[in-house]
Amino acid sequence: MRITRAPAVLLATAALATACAPDDGSRAREWEPDDALQRAQRALDADDADTTQVAEASSYVASGIDRTLDTPGDKPYRFDIACDTDGVSAVTLTVTRGEVKRLLEVRCGDRQALRVNVPAGPAVAVKIPPIDKEPIPSGVIVWNLNSLEPHDVHGCPDDIQGCKQ
């Protein structure tokens, strides 16, 4: 199932409306939310693997994300995530399946998304806590959950559990 880009466009529009600092004559910041959304989306798209998108979403960096993703069937999955912001260099992603929890750093502004391989199986929880600092940072997080063919899995096939080197 493919989810439309409408939520992302609404998110970017809302962020643009709030991108002016109060009391400064409404002068726009150099960082533009619509450009940030496009840069983050390009980071997600910077891949040549043949994938099938299962889910996608976007969020404000300040709001974080907290989602449970179903990963049924027999094909592996890959969770791709990128962020772009003017006030945060990285966010911490927690990926959990059952009792196993893995913390990963998502560097904001990277040209390539963080890619997390997940074998089919029980649901996977992904979480980035809301940013609680002043001033509240502007920025977006975008992600895709993709299924892919087993031969398209690069690196460790289970980045939650981990692989011995």
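Predicted model: local features only at pLDDT ≥ 70, side-chain atom pairs only at ≥ 80, totals over all residues.

Residues are numbered from 1 along each chain as its sequence is written, and side-chain values use heavy atoms, with hydrogens and water left out.

Let me turn to the sheet. Four strands form an open, antiparallel sheet in the order β1-β8-β3-β6. Strands here are DSSP runs of E, at least two residues long, numbered from the N terminus, and two strands pair if DSSP finds at least two bridges between them. At the edges stand β1 (51-60) and β6 (114-118); each has a single partner strand, so one side of each lacks a neighbour in the sheet. Strand β3, residues 77-85, pairs with β6 over five bridges in the antiparallel sense. Within this pairing, Ile81 stands opposite Leu114 in β6.

Now the disulfides. Two are found in the whole structure, a disulfide being a pair of cysteine sulfur atoms within 2.5 Å. Cys83 and Cys108 form one, with sulfur atoms 1.9 Å apart. Cys83 lies in strand β3 and Cys108 in the loop between β5 (100-107) and β6, 25 residues apart. Both cysteines, Cys83 and Cys108, are buried, meaning under 20% relative accessible area with a 1.4 Å probe, protein chains only; exposed is over 50%, and partly exposed lies in between.

Cys156 counts as buried because its relative accessibility is 17%, whereas Cys163, at 37%, counts as partly exposed.
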